[in-house]
Amino acid sequence: ENRTLDPLLQGRRVLIADDQPKIRQIIGSVLRNRGAKVTVCQDGGEAIRALESAQIEQEVSYDLVVSDIRMPDHTGYEVFAAAKKYRPEIPVILMTGFGYDPHHSIVRASQEGLQSVLFKPFQIEQLVDAVKKAIKEAAKQ
């Protein structure tokens, strides 16, 4: 595991939503080891509440959202929509372990500014590259 702080990720607030504990743990560790401040949510509802809370309490908002598409309570698209509602310029990366997208979440989110999609299983460096690219793109806006 690379524990080198990345200047681009250092201090960035990242919200992670996935119903699989191992995925949450891995992504959280990878990004924390590179300097990000990570909030880990066990489902979409928890992620949406975290986004709402940051807005209501006028905390420093998240710099990036990484969410699974298929979760039991709320879809990744619903997390994406909530993130965009509270902060339209926030980059969002959706993850899926399925080649098909029954609710067309990827298509709808892509039309509305989705940063990228990661297909599980993905390599750690794919994740890091996608996160860095999303943060760079958001900085240009």
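**Strands, cores and a ring pair**

Modeller: Let's start in β3, where Val 66 is the bridge partner of Ile 16. Keep in mind that this is a predicted model.

Colleague: How many bridges join β1 to β3, and which way do the two run?
Modeller: Four bridges join them, and the strands run parallel.

Colleague: What does Ile 16 pair with in β2?
Modeller: Val 40 is its bridge partner there. β1 and β2 are joined by five bridges and run parallel. Strand β2 covers residues 37–41.

Colleague: What do β1, helix α1 and β2 make together?
Modeller: They make a right-handed β-α-β unit. Helix α1 spans residues 21–33.

Colleague: Is β1 buried or exposed?
Modeller: Five of its five residues are buried, so β1 is largely enclosed by the rest of the structure. Both faces are covered. Arg 13, Leu 15 and Ala 17 sit on one side, with Val 14 and Ile 16 on the other.

Colleague: Which strands are joined to β4?
Modeller: β3, residues 64–68, is joined to β4 by four bridges, and the two run parallel. Here Ser 67 stands opposite Leu 94. β5, residues 116–119, is also joined to β4 by four bridges and runs parallel to it. In that pairing Met 95 stands opposite Leu 118.

Colleague: And what do β3, α3 and β4 make?
Modeller: A right-handed β-α-β unit.

Colleague: What about the largest nonpolar core?
Modeller: It has 23 residues. Leu 15, Leu 51, Tyr 62, Val 65, Val 79 and Val 92 have the most contacts inside it. The elements giving two or more residues to this core are β1, α2, α3, β4 and α4. Apart from it lies another core of 22 residues, among them Leu 9, Ala 36, Phe 122 and Ala 134.

Colleague: What does Leu 51 touch?
Modeller: Among its contacts beyond four places in sequence are Leu 15, Val 79 and Tyr 86.

Colleague: Where is Tyr 86, then?
Modeller: In helix α3. Tyr 86 is partly exposed, with a relative accessible area of 22%. Tyr 86 and Ala 54 are 32 residues apart in sequence, yet 9.0 Å apart in space, C-alpha to C-alpha.

Colleague: Last topic: aromatic pairs. How many are there?
Modeller: The count comes to one aromatic pair. The ring centres of Tyr 77 and Phe 80 are 5.9 Å apart and the planes are at 35°, so the pair is tilted. Both residues are buried.

Colleague: How are Tyr 77 and Phe 80 placed in helix α3?
Modeller: They are three residues apart in the helix, so about one helical turn separates them.

Terms used
Residues are numbered from 1 along each chain as its sequence is written. This is a predicted model: local features need pLDDT of at least 70, side-chain atom pairs count only at pLDDT 80 or more; totals for chains, interfaces and linings use all residues. Side-chain values use heavy atoms; hydrogens and water are left out. Rings of Phe, Tyr and Trp (its six-membered ring) pair if their centres lie within 6.5 Å; planes under 30 degrees apart count as stacked, over 60 as edge-to-face and the rest as tilted. Buried means under 20% relative accessible area, exposed over 50%, partly exposed in between (1.4 Å probe, protein chains only). Two strands pair if DSSP finds at least two bridges between them. A crossover is right-handed if, with the strands pointing away from the viewer, the path from the first strand over the helix to the second runs clockwise. A nonpolar core is a set of buried Ala, Val, Leu, Ile, Met, Phe, Trp, Tyr and Cys residues joined through side-chain atoms within 4.5 Å. Contact means heavy atoms within 4.5 Å.
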